[in-house]
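Please keep the sequence and the structure in view while reading.

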Amino acid sequence: MLNLGIHTGAWRRTSEPPTAFADPGYYVRMAKLAERGKLDALFLADGPALREHPGLRPSQALEPSVILASVAAETEHLGLIGTLSSTFNDPVELAHRLLSLDRISGGRLAWNVVTTYSVPAGANFGLADYPDRHVRYRRAAEFVDVVRALWRDAADPSGRGIDHHGEFFTVVGGLPQGPSPQGHPLLVQAGGSPQGRELAGRVADAVFSAELDLGAGIDHYRYVKDVAVAYGRRRHDVKILPGLITTIGSTKAEAERRFADQNALLPPGHDLERLSQVLGEDLTAYPLDEPVPAHLLGEVADPAKFGASLGFRESVVRLIESRELTLGQAVREFSGAGHRVVVGSPVDVADTIERWFLAGAADGFNLMPDVFPDGLEIFVDEVVPLLQARGLFRRDYAESTLRERFTGRAHSGGVPTLVRARLA
């Protein structure tokens with residue numbers, strides 16, 4: 001759930017007030033709609049700074065754990081996934097805050113770990129020199145290890161605190177609370193770089209991935225699960241959830257009109273500018289009806305200094321090369337967001353979900369409706385019943401915690417216990 005929809009112009013199309021992104025009640029309303037559709041969880045992005053000019057796209061104004069606390073109080077089953085940065089938080093404070101929220105939600109919380117490359121965020125926190133990718137990921141790995149150690153200690157009846165002395169953190173002590181109903185929050189990872197995938201395979205319960213075509217989705221799925229196995233985990237211990245952007249109409253033609261109407265609200269060159277950011281070069285000088293220049297698709301000269309997402313870049317480059325797209329076609333496929341885009345009928349969306357799942361490219365999807373609430377309403381009312389009829393989706397919630405839903409394990413006495421087999 002990103003602001004009023006994943007589309008940049010969503011705030012101009014929604015039936016909600018254009019300032020709803022700053023209203024906790026808005027998130028509660030959308031969460032109740034998602035719960036009516038038996039969806040897994042509400043996933044909140046975050047960036048601790050203004051990312052875009054608010055006249056073009058208003059940004060999420062409220063801190064994620066505050067939003068999720070409001071949602072937890074008004075829902076019963078829906079999972080709660082919040083994005084919080086390992087670069088701009090303290091591991092003890094964050095471990096305490098998230099475990100507290102997990103307890104009051106009845107064991108429905110997950111933490112999406114990000115390292116945050118954002119120059120405005122760095123300025124907000126007084127960083128004169130922004131740490132490069134390698135430093136951020138080393139810090140993230142140690143940060144996650146400290147948080148997990150604190151959570152394990154909180155779940156241990158004989159816990160006496162931790163004694164950690166590392167490159168970035170020194171922590172001697174523990175948290176003033178016991179475990180949540182699921183033990184502790186799940187971990188979600190969203191980075192597509194080699195370091196991000198390594199972290200995901202080692203510790204994540206779920207991965208929010210960005211793959212634009214089926215072949216790349218299958219490769220990423222296998223890669224992360226192979227990493228998990230290399231760390232002594234089972235392949236189904238980590239769930240792969242590609243982003244899926246939907247623009248849905250009663251027919252494909254209607255969906256195409258909706259898509260065109262939304263894009264007409266954008267300033268000229270908006271999606272081309274976003275693709276320029278992903279590829280790391282200004283694309284405005286290149287003809288839209290000609291192939292993307294080959295030099296733009298090569299290896300990044302210095303990955304440690306590359307400012308954009310390596311995962312987004314890799315998926316876009318692979319799509320361009322595999323389909324031999326022109327620059328204009330690449331802009332359309334990228335759609336300003338870098339995730340798989342489906343513009344079509346409910347059947348078209350259900351077919352895409354089924355094809356990716358059965359091909360071994362996804363265990364589920366991070367659904368990204370174009371506009372809230374109607375983009376989610378049509379998914380809940382028309383796509384979900386199709387998936388249920390095909391035997392691909394639940395008809396009701398059967399688990400009491402998010403851990404059971406994602407991993408097939410329930411918390412018992414501080415140690416997760418296998419409660420049933422899950423397809424992976």
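Helices (H or I, at least four residues) and strands (E, at least two) are DSSP runs, numbered from the N terminus. This is a predicted model, in which local features need pLDDT of at least 70 and side-chain atom pairs count only at pLDDT 80 or more, while totals for chains, interfaces and linings use all residues. Residues are numbered from 1 along each chain as its sequence is written, and side-chain values use heavy atoms, with hydrogens and water left out.

**Annotated positions**

The unreviewed UniProt entry lists Asp 46, Thr 83, Tyr 137 and Ser 193 under "binding site". UniProt positions are given in the numbering used here, feature names are shortened, and annotations may be inferred rather than shown by experiment.

Tyr 137 lies in helix H5 (residues 133-155). Tyr 137 is buried, with a relative accessible area of 11%; buried means under 20%, exposed over 50% and partly exposed in between (1.4 Å probe, protein chains only).

Thr 83 sits in strand E2 (residues 79-85) and is also buried, at 5% relative accessible area. Leaving aside residues up to four places away in sequence, Thr 83 touches Phe 43, Leu 44, Ala 45, Asp 46, Pro 64, Asn 112 and Val 114, where contact means heavy atoms within 4.5 Å.

On a 1 Å grid over the protein atoms alone, a cavity is a set of points where a 1.4 Å probe fits but cannot get out, and a pocket is an open set with protein on both sides within 12 Å along at least five of seven lines; lining residues have an atom within 4 Å of a point. Grid points are joined across faces, edges and corners, and a volume is the space filled by probe spheres set on the points. There are two cavities of 30 Å³ or more.

| Space | Volume | Lining |
|---|---|---|
| Largest cavity | about 40 Å³ | five nonpolar, four polar and one charged residues |
| Second largest cavity | about 30 Å³ | eight nonpolar, two polar and no charged residues |

Ala, Val, Leu, Ile, Met, Phe, Trp, Tyr, Cys and Pro count as nonpolar, Asp, Glu, Lys and Arg as charged, and the others, Gly among them, as polar.

Residues that line the largest cavity include Trp 11, Phe 21 and Arg 57. The lining of the second largest cavity includes Pro 64, Gly 82 and Trp 111.
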